[in-house]
Amino acid sequence: MTALVQRYGGALTGIIIALTAFWLLAMVILPNLILLEFSFRPYIPVDQMGGPNDHYTLANYATFFTSPIHLQIFGLTVFYSSVVTLICLVLAYPLAYFLAKVSTPRNAGTWFLLLLIPLWVSEVLRSFAWSIILAYQGPLNAALHGLGLIDKGIRWRTGFNGVLIGLVYTYVLFMVFPIYNAIQSLDTNQIEAAQDLGAPLWRIHWRVVIPHAKPGIGSGCIMVFMLSAGSILVPSILGSTTSRWFTEIIQQWFFESVDWNTGSAYAFLLLVLCTVFVSLMMRMLNVRLVDIAR
Amino acid sequence: MRPFSLGRLIITAYMVLFIVYLLAPLVVMGGAAVNNSRFPSIYPWVGLTGRWFGELWSDQQMWRALLNTVLVAVAVVVLSVPIGTAAALLINSVQSRMRSTLYGLMVAPILTPGAVIGISTILFWNKLSVPAGLHLSVLGQSSFISAYAMLLVLARLQSLDASLEEAALDLGASHAQVMRRIVVPHLYPAFGAAAVIAFFQSVENFNVTLFTGGNSSTLTVYVFSQVRAGITPKINALALIMVLITVVGVILYEVKRRQSERRLKVEQEDTLEDDVIEGLGLPQLTSPA
């Protein structure tokens, strides 16, 4: 505080603190507290607000914990988000290693250029693209049929398949970049020393590269899991009749039942889920917040 | 230096396959924009047409959504870049204990699902009797986009030598002058990057906008409603245009980034081994930047 005044003077310090306070208070802390408060209030008509029925209650959370369907959807969302995270990790690790250690830095720039293109195309269009590709009468079945690999079309979008395909495609890059950053800081000499000492490929990765890449792996997993569990677009565009995502239930409370209180409770549960996952990952993989935010 | 090996070949092939996997859906989606079929697909191929662009052009809803998107994105840039800068300046000057708490608070919005941000934003402002609408989308989006801006500005700020500021103050410069003549010019590249990222993050945003936008829709919300309502390929026409804009934008951005990278290369100490070896041959490494 005094350091700030010394450095930038009173007036500028005032502006700096005012802007930051507005952000953290009005856009981050207070809205989340209101969300929490709202989730403990009953859903009642406007004229009863402030009346005897308007008291704190656990009813909204009870709705969730007594509904086997909602519990199941929550569980499936956690499960499939973890599956997506794992698939992304497996897909992304070799790419990150390639970009950081195999290709020359100059070529890596070109690879990044190509990787960046889909990242800037919006999520809604990327899901839409897959809904075209995976259609029963679509180009994927046609191509496989043309190659003689299948006799009749495959229904791709059964169960959670469509959602999984869409989520992996949409978020895999969020796994590549942090792992790349982590591996890049590994001294190549360490890999070469392991090679010279006769370590097989898998052991070099298991004992040298992966331990070094842990923070990157952790932050990649955090981002992919959070984005997947919180995704609304992909499950609604690529889902099937049997795939329900937790965010769809939240949406239902808000837009169909117009019950914002229960909706808030569900949204808060989603926030809790993501927070728990973040802290688990940070503890297990030794990630610091600074690593995530790169 | 790098001998040919089977492993290298396999991993390079994997990289190429991955790029194909990333880009093929975009090609399919773009291709469907010029296919003369009632349904958005490239198969069966009926023939080349430009009529979906015509339909898109005459879609009033699309134009309104586009205007909304641009307005929101500009407002987000105007709001989040100054906030991010202020936050970076603040965190750069506070001490350890306070610093990590503040940092955690500032990074938290990045790790919060968009639906939660959208819902909490609308609840908070509703409490203050502010109705839903694009202005709330701006506030909701800025809550996490400011965090990105803060990180970009902070990274740049850390390469600014604090003794420059002190020297200027000792020589009698006012605080405003130090800010205007030393700090701000040093941060220019970060402002540019933050503005670009903020703009695109805002354009792409769906989750926050869905809950805060009320009856107004931005382009992503419009596309979503069209996709859900069983659509005509005019969305593909829109997609093709957006993909092309993206490709051009990414190339321009990358070209600029490389130029500035070349300039920065000299200052950077943590360059890769290969860079150093390549760089040793370059004459400018020996001359001060």
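I began with chain B, where the UniProt annotation "transmembrane region", from an unreviewed entry, covers residues 12–34, 65–90, 102–126, 138–157, 178–200 and 235–255. UniProt positions are in the numbering used here, feature names are shortened, and annotations may be inferred rather than shown by experiment.

I noted that this is a predicted model, in which local features need pLDDT of at least 70 and side-chain atom pairs count only at pLDDT 80 or more, while totals for chains, interfaces and linings use all residues. Residues are numbered from 1 along each chain as its sequence is written, and chains are lettered from A and ligands numbered from 1 in the order in which they are written.

Residues 65–90 of chain B are 100% helix and 0% strand, with end C-alpha atoms 37 Å apart. For residues 102–126 of chain B I found 76% helix, 0% strand and an end distance between C-alpha atoms of 27 Å. Helices (H or I, at least four residues) and strands (E, at least two) are DSSP runs, numbered from the N terminus.

I then turned to chain A. It has 14 helices and 0 strands. The unreviewed UniProt entry puts "domain: ABC transmembrane type-1" at residues 74–281 of chain A. That span is 79% helix and 0% strand, and its end C-alpha atoms lie 20 Å apart.

Last, I checked burial: 44% of the 294 residues of chain A count as buried. A residue is buried if 20 or more other C-beta atoms, placed from the backbone, lie within 10 Å of its own, exposed if 12 or fewer, and partly exposed in between.
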